[in-house]
Number of protein chains: 2
Amino acid sequence: MKVIRTISEVRQEISRLRQSSGSGEATVGFVPTMGYLHEGHASLMRAAKEQSDIVVLSIFVNPIQFGPNEDFDSYPRDEARDVETARLQGVDIVFIPSVSEMYPEPTQTTVSVSQLTDRLCGASRPGHFDGVTTVVSKLFNIVQPQRAFFGMKDAQQVAVIQQMVNDLNMAVEIVPCPIVRESDGLALSSRNVYLSGEQREQALVLSQALRVAQETIDTNPSVTAADIREMLRKVIQASPLAVIDYSEIQAFPSLQPLADHEMVYGREDVLIALAVKFGKTRLIDNIKLHKSEVLSHV
Amino acid sequence: MKVIRTISEVRQEISRLRQSSGSGEATVGFVPTMGYLHEGHASLMRAAKEQSDIVVLSIFVNPIQFGPNEDFDSYPRDEARDVETARLQGVDIVFIPSVSEMYPEPTQTTVSVSQLTDRLCGASRPGHFDGVTTVVSKLFNIVQPQRAFFGMKDAQQVAVIQQMVNDLNMAVEIVPCPIVRESDGLALSSRNVYLSGEQREQALVLSQALRVAQETIDTNPSVTAADIREMLRKVIQASPLAVIDYSEIQAFPSLQPLADHEMVYGREDVLIALAVKFGKTRLIDNIKLHKSEVLSHV
C-alpha cells in the first residue's frame, strides 16, 4: 500500500498499477472520505475490494463544504490510525492531499446540483453540497475510478452525487453501501466522538425513532406520511437533549417530501431521514424503507 | 469516419478505436462545435489530427448556453455539409447528439466559473458561460479526450474552460488555436451568414480597429490602455451600423481590465476584445498582443 500526497503522483501510481495488471482493463474502486475512519468506512473499502482490481482511498477534510460556523478546524483527524485501517482492508493507494494541493488557489469553478440540495441538510447547511459536488468532481477527475463507494448514512449526498453523475455523464458507477451501526443502534459517524456520555446515550433516539417508524409502517397498512412525521417528532422529543433540525419522510432518490395524506405501507422508494443536534453536535441518520427491513448492526 | 448520435455508441466506438490501435496508448483529440462548420473549425480539426491518433468532432447546438432572446432556434445548421467537411479533414468520429440525448431531463447540475465570466460576453449574456462549461464538462466526460481544441476567436471561452480544467483537475489539455479570417480581415463565424451586404462590409471595422490598435502599440512606447480604449471606440463608431457591446483591453487569461494609465508597448499578456452588434447580429473579435503580430488571413 502506498500513501501519496500529490495529484501527479497518485495519477502516476494508478496508471502504473493498471498497466502492471496486464490487460489494461483493471478497474479502480474509489472510496472518498474525510478520514477518522470507522467501521462504516471499512465496509466501503471491503465493497470496493470485492468489486474492483485496485482500491484507492482518499482522506481529505474539504474546507469548502464546511460553513463558516461549522467544525472544519475541529473535525477529528488521526492519519496514522487511518493509514493502518486502510492497510488492514487491503487498500492499494491512500491519497492524502493537503488543502493547498487540492486548492492551490481558491477555486473559481463550482459544480452544483439544484433542487435535491434545497432541503434536508442542504437547507441547514447552505453551500455544503456545492462543496461536496465540487470536491468529488475533482477527486473523480484525479482518480478516474470505474466505481465509487458512498455510505447511505448521508443518503442525500448519495442522491446528489448520483444526480451529478447522471447529469454530467461522468463515467463512474456510484455504489451506495448500507449504514453501519453500533450494537445499540447508533449509526457510526466520525462526529460521534464529540458526544458527552449523556448525549451519546440520548443519541440512540435517532435509530429508535427510525425503528419505530419502520415497525409502524410494517404493521399498519393505513399509516400516512403525516402519522410518521408526528411519530418521529414524539419519539425524538422524548429525549430532553435532542434538538430536531429535520425529521422528514420523502421519496428516494428524488427527495420530494410525501404529501401528508400519502400512505407508506409496502413502499420501497421512501426515505425517512433525521438530523438532530445534541449540544453543538449534529447527527444524521436515515432508513430507506424495505418490506420488513431490519436495521443492521456491527 | 462514423457519424454517431448516441452517447453509449460514441463511448463504444472510441474505446474500440483506442484498443484497435494496439498499445492502448492512442490519444483522442476532441473538437467540440455547434456545427455550420467553416475554415476556422477545419483548422481546429487539422490541429487535432496533427496532435492526436483519433479525432472526435462534436456538433451540438447547446440550448442551455443561449439566453431566452438569443438565436437558438435560428442558429444556422447544415448537417450534410458539416459531415462532408469533417470527412475531408480526416475526422474519425462525428458525434451529433440530439437535445434529448444530451438532456433527457433538464439538468439539475451546473458547472460554473465565477469572476472570469462576470465581464465581456458574460456581462452581455448572463448564464451563457454556465451553459458552455456545463456542456463542455458533459462532452469531456463522454469523449474523455487527452486534448481539446478551441478557437481563440472566443478568447474568453478559452480562458473560462482553461480555468475550469485547472480548478476541477480535468485530465485534458486545452489547445487554443489562432483565429481564422477572410482575406479582408473578417473573423470567420457561423453567425456571419446573418449579415446583410451592407452589414458585412461595415463589419470589417472590428478587425480594422484591432489592427490599428496593434500598430499603434507597436510604434508608440508611451501609449496607455486609455488611449487604446478611445482609439477602438473612434474606429468602430466610424461605422454607422456598428453598436458597440464592449471594446476592452485586459490581461489574458485573467481578463482583468488594464488600468487607464497602464502602458501596453511590448506586452504579450494583453488581449484586446470587441463585441459589436450589426442589427440583431452580434460579432466578436480579438487580438492577443505579440510584438509585431500580423493578423493571419485565410
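Is A:Gln65 buried or exposed? A:Gln65 counts as buried, at 10% relative accessibility. Buried means under 20% relative accessible area, exposed over 50% and partly exposed in between, with a 1.4 Å probe and protein chains only.

The model is predicted: local features need pLDDT of at least 70, side-chain atom pairs count only at pLDDT 80 or more, and totals for chains, interfaces and linings use all residues. Residues are numbered from 1 along each chain as its sequence is written, chains are lettered from A and ligands numbered from 1 in the order in which they are written, and side-chain values use heavy atoms, with hydrogens and water left out.

A:Gln65 lies in the loop between strand 3 (54-59) and helix 3 (79-88) of chain A. Helices (H or I, at least four residues) and strands (E, at least two) are DSSP runs, numbered from the N terminus. Not counting residues up to four places away in sequence, A:Gln65 touches A:Met34, A:Glu70, A:Arg125, A:His128, A:Gly131, A:Val132 and A:Val135. Contact means heavy atoms within 4.5 Å. The side chains of A:Gln65 and A:Asn62 are joined by a polar contact of 2.9 Å. Such a contact is a pair of N or O atoms within 3.5 Å; within protein, one must be able to donate a hydrogen and the other to accept it, and residues adjacent in sequence count only if both atoms are side-chain atoms.

The unreviewed UniProt entry lists A:Gln65 and A:Gln157 under "binding site". They span 93 residues in sequence, yet no two of their C-alpha atoms are more than 11.9 Å apart, so they gather at one spot. UniProt positions follow the numbering used here, feature names are shortened, and annotations may be inferred rather than shown by experiment. A:Gln157 sits in helix 7 (residues 155-167) of chain A. A:Gln157 is buried, with a relative accessible area of 17%. Its contacts, leaving aside neighbours within four places in sequence, are A:Phe129, A:Val132 and A:Phe150.

In chain B, seven of the ten residues of strand 8 (residues 242-251) are buried, so this strand is largely enclosed by the rest of the structure. Strand 8 runs antiparallel to strand 9 (residues 270-278) of chain B, and nine bridges join them. Two strands pair if DSSP finds at least two bridges between them. B:Ile249 has B:Ile272 as its bridge partner in strand 9 of chain B.
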